[in-house]
Structures are given as structure tokens and as C-alpha cells.
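Keep the picture open as you read, and look for each part as it is named.

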Amino acid sequence: MSDLATVGLQKLATHIPGFDLIAMGGLTRGRTTLVTGAAGSGKTIFATQFLAEGIARGDSAVFVTFEESPRDIRQNVVSMGWDIEAWERQNRWIFVDASPEPSEETLVIGSFDLGALLARIEHGVRRVGATRVSIDSLNAVFTRFQDSGSIRHELLRLVSGVRELGVTAILTSERPTDTLDDHHSVEEFVTDNVIILRNTLEAEKRRRTIEILKFRGTGHQKGEFPFTVLPNAGIVVIPLSAIQLTQKSSSVRITSGNQDLDGLCGGGFFRDSVILVSGATGTGKTLMCTEFVGGGTGVTERCLLLGFEESREQLFRNADGWGRDFAGMERDGLLRVSCRYPESMQLEDHLLQIKRDIEEFKPARVAVDSLSALERVSTPRSFREFVIDLTSFIKEREIAGLFTATTPSLLGGESVTESHISTITDSIILLRYVELYGEMRRGITVLKMRGSPHDKQIREFLIDNAGMHIGNPFRNVTGILAGNPRQAPAAELDRVEHLFDVEP
Amino acid sequence: MTPQVNEGSAQSNGVLYVLALFITGQSARSQRAVANLRSLCDLLGENCELTVIDVLERPQAAEDERILATPTVIRRRPLPLRRVIGDLSDPDKVIAWLDLPTPANQRTPLPVAEGLING
């Protein structure tokens, strides 16, 4: 029940996850909002969920259906976890069934109004004391009665009648395409508030978005916001730019799980920072995740490792090879490893699944290996939105995050992932192959460490059965980051060979 | 107003017409529908049983019958059920649709509501 200062209009929180953020508090209380979209855009789910979320918080509701029978609706939403039948038994949900009855033939002779329907809605609202009403969908009324001119007039009267009941209502209507203009556009004059749902195909991927077109007399976020429809939850809106940058910045340091690396970073990572580790395949990204997790569990912090490239078994075997006992950590309840195929679901669904994991397990650290795998299954725009959302989500909870990104070329270069999200992350660590005297060596550098001094050199590191060991800088090599390492003059050779002997 | 009503000529062969008319309060449209249907029923005399239901007073009745628009006539008998929506401004159509008996070859000019042409 958030009061809104603007012209005395109050908002009613829908409690549809994420929606109230973009609606700046919810729907306008006591008004009717038109929800419009093409077939399959999620209108009926929105209309149903608006009621279901209210009922979950003690409200009662009336659902007016013009299209599907109550029986179909009851069945269709069971998978969302909504038990309409139970609510009906508790007198908290009433159907006003205006769906067509094929068995009875009806003829129109002369003029009519929708007075009976309004009387039924009013009756239903009084019977259960409803505060929320959904009417789904207007188009069915148009197809039922031929004279669209008078039916439009009647719908206007219906809407003003509903408004007088003092309920907050949703009215759905189908638009033939996802363009703005359509032949029933008059409907939009029927209500002061219009929401558009879209389900578009973008780069071979389905993308659902929600946009608030207008909220008369009150504020809302503008533009399209992605959403997804989840079993047992319904619509979940991802309110990207509505997320406020309110995260506190922590100055507490935590270990990266590797003492050498802590040194490079000026004493470890920050408690609530997000670190991006970028490197070609085999440079040691998964190892850094493993050490990061090991560092957390070592001080009895819970760690969540999300694998999108390797299976659980592989990750456990890798960890064993570097002297980290994942199985033991899991037994102690300090580690949870979840591996999913990137292709198994949409990025939006991955995001929500990750958030669920985090909320359930409440880790202090989250490692994602790798973001690039997720990027493969998304569009640049949704990927960026995904990273922004995930980053702010974990920062709000003061969780340290370590994400990996794979560079496409073995030597140098930057990953696509990196270029998309580097400004979002607090720290960037690069892992690179360095070709030196006919040998592939590995180099590491801390490219960026927000809010802290850090080592600026490119150092060589070795990997053995105890993990990563960072050594001395490649002082005699240039062009490593550019992917074109060039050796220093022959006079330097001697010095290079003794690189790991003593710090010069 | 219906000068040619010929009461005796209704087919009084025992068929009973049961009609229910759903209206909204005292609106002009509802009253027209009542008047129009009454005059048709009057032609049937004993054979027609007409109930007028005001949905504002009995919304549950409208709910039970799933009435959407007013006025709505339901012909409950004879079966099958049939419905007419509207103020019944065209009596010939009403007679035809509800299959009401009329005096053979005799058109029954009934009061026609003015200015409400629809469909």
C-alpha cells in the first residue's frame, strides 16, 4: 500500500514479482488497466496472477472470462501453483462466466446493453468482498456481437461501471500484431492505463517483454522490460534499469583463495565485489573458481558454484587434481555445485534459477563458470541485462562474485563477454598464454581493481597439484595483452632464465 | 395499439411457451422489451408463461443463466433452449426465432421501437 504523491492517486501493489518496481508501486488503485498483447503474450496469466497474488495476501477477487471456460482456466494455471478451486471453496475467488455456450443459439434483435454482466460482476464483488477484478478478454466480446460500434459504447459503460465498484481491475485485449496500431485501438481510450505485453523472436530467441504505455496521472518506468513465465511462480519481470544503485560499498577484504593473488590485489577481493576472470581455454579460469570457492569454505563461508561448461563430475575431479575436496565441502554444507546446460532454458530463466539458488543457499560467494557459455544462448541485449541484474542482485546481498569469460583466441584478445560487461564488474583479472622461447607459459595480470591499489605487472604463473602459483613478472616480454608477445633482446636472455630465482 | 389481435386463432393445442425475460431495472430499453414481448405473449393467451426478471434485484439469477446482455429472452419451453438479445424491436424476427405460433398468414403488426436499429 504505497502512497503516491502525484495528484492523490494511490497505487496498489500487484505483487507480481518485479512489476511493481517498473510500475513505481503498482497499478493505480480503483482504476482499470488495459493489458494488451498478441496471442500467447501472457495476458491471461497476467490477469490471473494479479488476482492470485492478491489472494495470497488476503484479498478476494473476481475473474470475468469471455473466452475460456472457468474449467479450462482452473486447469491451465495449476502449473503456476495457483489452486483456484480451493480459493473458490474459501469464497475468495469467483468466476463470472461469460464464455460462449455453444449449445445455445442466440440471436440479436434490437438494441441491448451489458447491464446483466455488470450486475453479475457487482454481485460477485459484493459476495466475496473483492478488491481485484480481471476481465479476460475484450476481443471475445467483439466477436460475439456483430455491431462493434455499440459494443464499444457498452464496454465503455462497463468499464465506468466497474470503476464505480471501487475495485482495481485488469482488462485484457488481444492485438493482432506487435505493432502499435491495430483495428481495436479505440479500446485504449477505454482505460487510462495501458500495458503492452510482447513475445518477439529476436536472433532466433524468444523474448518476452512488458511495457507500461501509459499510467494516467502517475509515474512509471518507460520502455520494455524483459519477463519470463515460470512454473510455480507465473510472470517474473526483470526490472533492469529500475534497480537502484543503493549497494553499500564494503571495504572488508576477503581472500581469493590464493595468497599470491591476494597480494596482487592489494590484500584480497572486496567483500561485495564482482570479479571477472578472462582467459583462453585452459589458462586456469576454472582453477581460479575452484580456489575462490576453496578460500571461502576454508573460512566457513558458504559458496555456490554454478557450472555451465563442465559437469559436476568433471568439476569435482578437477578440484581433486588441485588439492581441493569438493565432496567434503558439500558434506559440510559449505558448498553447493549446480551445473546446467546453457541451452536448457532461456537466459531469463537461468537468471531466476540462479537467484533462487542464491536465496535458498544464502552463499557468501558465488562463482559462475562461465558467463561466455551463457552468452552463447542469448542476444547481446539480454546478456547485458542478465549481467547487470545478476551483479546488482549479488551486490545487494553483499556476496562476492567471480565470473569467468572465455576469450576466443589463444593469444591475447578480449572476449565478447568482456567487452559487454567490463564496466559493470569491479575487478578484472586476465589470464593469458605467453609464447616464450618455444614454450607456452601462462601469465596473469590484474587489469582493474576498483577502489584499491594493485599490482600492475604481468606475472607468470604455474599450475600444479596444489593449485596456482604466481611468480615473477615477464619483464622482458612485451605485447602479451595484444596477443603478440615479443622477446626482449638477447642480452636479456640470461635474466629471463633466472626469472624465478630471486626477485631482481 | 394492436388492433388485429385475434385471440381465438392462437394455436391452442396445449403447447406451453415458457419465456423468461431478463431486464435491467427501469431503463427505457428494458421497458420496451417488456412491452414488446408482452404483446407477443398476449397473442398466445394461456399458452404463454412469461417471467420478467430484473437482474439488478436478482443478480444470482443472471449468474445462474449466464446472462451477459440485457434484455435477454430465454425460451425454456419448448426445447431446445433459445435466446434472444435486444429490445425485440422486430416482432417478426422474434416470432420466427422463438418459433411462436401466429395466426395463419396474418402478419401481426406490433409496436416497433423507434430509432434503435441494430444489426
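The paragraphs below start with the contact between the chains and then turn to a sheet.

What you see is a predicted model, in which local features need pLDDT of at least 70, side-chain atom pairs count only at pLDDT 80 or more, and totals for chains, interfaces and linings use all residues. Residues are numbered from 1 along each chain as its sequence is written, while chains are lettered from A and ligands numbered from 1 in the order in which they are written.

Start where the chains meet: 24 residues of chain A and 33 residues of chain B take part in the contact (two residues are in contact if their C-beta atoms, placed from the backbone, lie within 7 Å). On the chain B side, α2 (59-64), β4 (82-85) and α3 (91-98) each supply at least two residues. Helices (H or I, at least four residues) and strands (E, at least two) are DSSP runs, numbered from the N terminus.

Now find the open sheet of 5 strands, ordered β6(A)-β4(B)-β3(B)-β1(B)-β2(B), with mixed pairing. Two strands pair if DSSP finds at least two bridges between them. β6 of chain A and β2 (48-54) of chain B stand at the edges with a single partner strand each, so one side of each has no neighbour in the sheet.

Which way do the strands pair with β4(B)? Strand β6 (residues 105-108) of chain A is parallel to β4(B), over 4 bridges, and A:Glu105 has B:Arg82 as its bridge partner there. Strand β3 (residues 72-77) of chain B pairs with β4(B) in the antiparallel sense, also over 4 bridges; here B:Val73 is partnered with B:Val84.
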